[in-house]
Each structure stands twice: as structure tokens, then as C-alpha cells.
Amino acid sequence: MTGIGPVEPGEDTLVRDALPPRPRGRLALRYERHRRTVLASGAVLVVLAGGGYLYASRSQPRPAPPPPYPSQAVDLVYVAPATGSPGATAGTYSFTVLLSVRSGAVTVTRLTQPYDGLSVTSSPAAPFQTKSHSARKIIVTLRVTECEKAPRNPGLPFLDVTLRNARAIEAHSFILGARYAQDLSRALEVACSNHSR
């Protein structure tokens with residue numbers, strides 16, 4: 001091949017037109033007229049969908065663990081018999097307990113004991129609140145109402161305390177130990193010594 005002129009296609013080749021054929025149909029014509037707007041809108045939708053997915057799948061901070069149940073955050077310890085407590089009369093036994101709160105504020109809503117022959121009052125009177133990481137002395141007074149129903153020699157006497165904190169309300173029985181059992185037995189013996197059983 002020699003010469004000057006346009007290059008001609010060889011055998012078995014297809015000739016393509018320089019311009020693509022114009023689309024036919026209403027949608028194709030409309031797309032052709034608004035192609036830039038359609039492509040820009042599509043790009044915006046893809047970016048929004050990707051951003052929404054990334055926002056929805058981002059790592060969430062762990063929620064704070066719930067506070068412990070009230071009975072797990074509190075200690076109740078027998079201290080000693082209360083001396084010179086106001087209102088002490090014959091047939092009553094007053095003693096001091098120490099309520100220690102390890103975490104979160106705890107409210108004592110009720111304080112009772114299991115024996116029918118005894119009634120319970122406390123100072124401060126329930127309900128009362130104790131702050132987190134603090135201790136509070138409570139004077140508990142047991143009054144003998146019926147010697148026949150009062151225990152003769154309580155082995156492991158306990159106090160039933162209803163506690164409330166941000167997580168739950170819970171009734172819990174606190175065994176106050178051997179010293180409390182001995183002091184309570186002596187006090188009941190003195191209170192009921194004049195009564196026959």
C-alpha cells in the first residue's frame with residue numbers, strides 16, 4: 001500500500017460511524033436531554049446511601065453496666081447494744097447496726113424481724129437514704145409484745161430489710177452474727193423473766 005489518502009477498511013472489517021446513532025423512544029430521548037442531571041442525581045444518591053450505611057454501622061460505645069442489686073451493694077453489721085437510747089423502757093432492746101453502701105445511693109424502705117412476739121422500730125425511721133460510699137449508724141429497737149411468741153433462745157436471728165436503688169427493690173435477710181444472738185437472748189430473758197411461758 002502506497003499513496004496518500006484516507007485509510008480504507010480492509011476485508012472482513014466493520015465500519016463504524018463517527019457519531020453514535022441517536023436514541024429512539026421517549027425515555028431514551030428524555031435521558032439524552034437530561035443526562036448530566038440524571039448522572040449527578042445518581043451520584044448524590046450513591047453518596048447518601050454510602051454515608052447512611054457508614055453512620056448506621058459505626059461502632060457504638062458500650063452502655064454503662066447496670067448498678068448492682070441493692071443487697072450486693074450494702075453491708076449491714078451488728079455493732080453493739082445501744083446504751084442510753086431515748087425511749088428505752090422495760091421490755092425493749094435497742095442496738096446499733098452499721099449500714100455501709102459500696103456503690104450507688106440505697107434507700108432502706110422497711111426494716112422488720114421474723115418473730116411474732118416482737119415489734120421493730122428504727123432511728124432514723126424507714127424510709128431513709130444512704131449515699132454511695134458511706135456508712136450510717138442505725139439504732140434498732142425491738143419491743144417484746146408477747147413473751148409467749150418471742151423466741152426463747154434464737155440461734156441465728158436476722159433482720160429483714162427492704163432496700164431500693166436505681167436497679168431494683170429487694171427484700172433481704174441479714175444475719176447479724178453470734179454476738180447479736182447472745183445479746184438478744186439475754187435481753188429477751190430479762191424482758192420475759194417475770195412472765196411464765
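Is Y31 buried, partly exposed or exposed? I looked this up first, and Y31 counts as partly exposed because its relative accessibility is 37%, where buried means under 20% relative accessible area, exposed means over 50%, and partly exposed lies in between (1.4 Å probe, protein chains only).

Before going on, I noted that this is a predicted model, in which local features need pLDDT of at least 70 and side-chain atom pairs count only at pLDDT 80 or more, while totals for chains, interfaces and linings use all residues. I also noted that residues are numbered from 1 along each chain as its sequence is written, and that side-chain values use heavy atoms, with hydrogens and water left out.

**Entry on the sheet.** I traced an open sheet of 4 strands, which run in the order β1-β2-β6-β4 with antiparallel pairing; two strands pair if DSSP finds at least two bridges between them, and strands (E, at least two residues) and helices (H or I, at least four) are DSSP runs numbered from the N terminus. The edges are β1 (74-81) and β4 (118-123), each of which pairs on one side only. From one strand to the next, the twist averages 30 degrees, with axes taken as lines fitted to C-alpha atoms (for helices over the stretch in contact) and angles running from 0 to 180 degrees between N-to-C directions.

I then followed β4 to its partner β6 (residues 134-144), and found that they pair in the antiparallel sense over 6 bridges; T121 has T141 in β6 as its bridge partner. Helix α4 (residues 178-191) packs on this sheet and touches β1, β2 (92-101), β4 and β6, contact meaning heavy atoms within 4.5 Å. The direction of α4 makes about 45 degrees with that of β1.

**Entry on charged pairs.** How many salt bridges did I find? The count comes to 3, a salt bridge being a side-chain nitrogen of Lys or Arg within 4 Å of a carboxyl oxygen of Asp or Glu.

I looked at D75 and R102, whose side chains meet in a salt bridge at 2.8 Å, N to O. This pair links distant parts of the chain, since D75 is in strand β1 and R102 is in the loop between β2 and β3 (106-112), 27 residues apart. D75 is partly exposed at 35%, and R102 is partly exposed at 37%.

In helix α4 I found D183 and R186, 3 residues apart, about one turn of the helix, with their closest N and O atoms 2.6 Å apart. D183 counts as buried because its relative accessibility is 13%.
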